[in-house]
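This report describes a protein complex for a reader who has the sequence and the coordinates at hand. Please keep both in view while reading.

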Amino acid sequence: MSVTGLEFAGQEAAAGESALDADAAKIQGRSQWQLTWRRLRRDKVAMAALAVIAVILLLAIFAPVFVAITHHPPNIAYPNTGEDAAGNPVGPGTAGFWLGTDGTGRDLFIRILYGARISLFVGFVTTAIGAVAGVIVGLMAGYFGGVIDTVLARFTDAVLAFPYVVLALALAVVLGPSLTVIIGVIAFFSWAAIARIVRGQTLSIKEKEYIEAARSLGAGPFRIMIFDILPNLLAPVLVLATLYIPTAIVFEATLSYLGLGIQPPTASWGDILADAQNFYSTSWWYVVFPALALLITTLAFNLLGDGVRDAMDPRTERVLAAGKARRRRRGKHQVLADGQAELSHVAPYVPPAEGS
Amino acid sequence: MALLGFLLRRILTGIVVVWLVATGAFFLFFARPVATVAHQLAGHAATPQVINEVINNLGLNQPIMVQYWHFLDGLLHGNLGYSYYSQEPVTTMLKQDLPPTVSLVIGGVILWLVVGLTVGIISATRARSLFDRSANVAVLIGLSLPVFVIGELLILVVFVPLNQHGFSWIQTQYSGPSNGLLTWSGHMILPWITLAAVQAAVYTRLMRGQLLDTMGEDYIRTARSKGLSERRVTFKHGVRSALTPVVSQLGVDVGQLLGGVVVVEVVFGLGGIGQVSVEAIDTDNLPVIIGFVIVAAAFVVVANIVVDLVYALLDPRVRIT
């Protein structure tokens, strides 16, 4: 496959057409999205991650179906069947509880499913808000420059440099914990990183000739930003967003773990894991299953994000091919050289200290 | 001379930043309805008279600008106020709560740098080898796991079984170095691993990416072509310049973490700046919250200044102006 986005479709040109039509059919244009999808489809790990995400989404959406099957609503405790004589949770498979019960005798499996709803909802919504806000701020700062840029850049720096966890907790307390507040707090901390990348990209794109052409045709700044610059920013923003979803999920879980997120009895993974602390010595499943749910979800999003980043980058195939060829030529342990270095120009979102 | 001017300017802007953070924190918390705070302090069964008394005692009935003035005045005299509950000066509390946090950060930093940089360098010099791929999986797992989950799993699979079998070196909660270094490290080892697990993942990724980028530079080719050994090229020319962004990330991280490693401290019950802040937030202990936020911000500011200085040392192109 060629890297330029043009591909020879071969013998598909039907006979009898005009020369012009035949040319058009021979060289088939592919949009960047089509190319990306083609590359992504060949990435087995990314596709597996996508499948896992789909399964988790389905499980979350159809959580009520599992309630109907098990007859265990998420917030109902079963002191008789769900707790042993000492009042501790019962293990997986006991008395119709597939993954055992929690500290108050509720069905752990059902609560994990309902926790998934919260996690995924928070992950998607905050990322969407953060991406939109980040793009707007970054675009304005990069395009207009000057005072707007300075103010926005300093503000972005301030947000990135704040004692982050403490401030998030403080906001959650001052405003009172609720789903809306959690989403607001997480979104507040997510736009800055995206804005920074968008600003950098905008700075380089706005110097391109076609922007100058648009301007000379009389296009206003907003028209240029929306129709000429924005489409070129979608790729890096999409990658950042995919990589930001797991961070948001972890953030929500951490807030809930500290008791400042989603309030009980609503199930959330962080809250389940906080309760599980009291049952370390008796009930391993109480810690292990929600932790696994969290790990599988965030890992799947991270793997998918890495895959999307590689697929977006036309250098991927060249790097892979060149790497293979060079290894064959010079032996295995040679470093990559000559600018084939790595696909790291769209940096992954690096979680702030503590990764929380 | 340039250095002195640079330091002066950075310290001045740093003070402004700390003042901004302090003011922000002050109004964020003091803008809350006074009655809620007093109610929290006096308990649920308190009568209106008791609540009024609490408000008067704490000076919460004064206009907010007067309170703000008192607060700034105290701040300038190194007085951060007194805890609403224990009446202890906030500065005394800070002195007590710093050791666990500092112990945690120092040990954690050493551990995560050793692991992160070693794995990152090996991964980069053997890109796409089996080692690199396995390391990449480990990094992704590290990035995907919340800190508290790692801590909880460590407690579940290390702390609980070991202690059930009478092996009691590894403990939770904090015990200062004055109780014996062995005891101290036993109490700190799980928190160190927990903190380092996530951070090592971040640093491995950073180091690998940076080193790969650097090794593609022209001057690396020059170094190779003049016949230097691959090891010398990697370490003397590659790693040295790849370290610059690592150092800046390290500075930011250490600054942030010294302001409280909230989650690790809570999971292992270490006390420390982070855990005490969370408790203060939970109990509306305003002077404590603000004092700790100010200290946290100060750490970030100092760390940034140090990073800029180290930058100039590492990278000869950077000039301090």
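Where in chain A is the place of A:H71? A:H71 sits in the loop between α4 (63–70) and α5 (108–144) of chain A, where helices (H or I, at least four residues) and strands (E, at least two) are DSSP runs, numbered from the N terminus.

## Basis and confidence

This is a predicted model, in which local features need pLDDT of at least 70 and side-chain atom pairs count only at pLDDT 80 or more, while totals for chains, interfaces and linings use all residues. Residues are numbered from 1 along each chain as its sequence is written, and chains are lettered from A and ligands numbered from 1 in the order in which they are written.

The predictor assigns the complex an ipTM of 0.76 and a pTM of 0.77. In chain B the average pLDDT (the predictor's confidence in each residue, from 0 to 100) is 83, and 96% of the residues score at least 70. Confidence within chain B is lowest in helix α2 (residues 34–42), with a mean of 69, and highest in helix α5 (residues 90–125), with 91.

## Chain A and two of its residues

Chain A contains 13 helices and two strands. Of its 356 residues, 42% are buried; a residue is buried if 20 or more other C-beta atoms lie within 10 Å of its own, exposed if 12 or fewer, and partly exposed in between, with C-beta atoms placed from the backbone. Two residues are in contact if their C-beta atoms, placed from the backbone, lie within 7 Å, and among the contacts in chain A with a separation of 6 or more, 70% are between residues 24 or more positions apart.

A:V45, which belongs to helix α3 (residues 44–61) of chain A, is partly exposed, since 14 other C-beta atoms lie within 10 Å. Neighbours within four places in sequence aside, A:V45 is in contact with A:L303 and A:G307, whereas A:T150, 105 residues from A:V45 in sequence, is 41 Å away in space, C-alpha to C-alpha.

## Chain B as a whole

Chain B has 13 helices and zero strands, and its C-alpha trace spans about 85 × 60 × 35 Å along the principal axes. Buried residues account for 42% of its 321 residues, and of the contacts between residues at least 6 apart in sequence, 72% join residues at least 24 apart.

## Helices of chain B

Helix α1 (residues 2–30) of chain B has 29 residues and reaches 42 Å from its first C-alpha to its last, close to the 42 Å expected at 1.5 Å a residue, the expected span being 1.5 Å times one less than the number of residues. The buried residues of α1(B) are B:V18, B:V21, B:A22, B:A25, B:F26 and B:F29. An α-helix has 3.6 residues a turn, so residues three or four places apart point the same way.

Helix α8 (residues 181–215) and helix α10 (residues 230–258) of chain B pack at an angle of about 150°, with their axes 8 Å apart; axes are lines fitted to C-alpha atoms, for helices over the stretch in contact, and angles run from 0 to 180 degrees between N-to-C directions. Residues on the α8(B) side of this contact include B:Y203, B:L206 and B:M207, and those on the α10(B) side include B:A242, B:P245 and B:V246. The residues of this contact divide into nine nonpolar, six polar and one charged, where Ala, Val, Leu, Ile, Met, Phe, Trp, Tyr, Cys and Pro count as nonpolar, Asp, Glu, Lys and Arg as charged, and the others, Gly among them, as polar.
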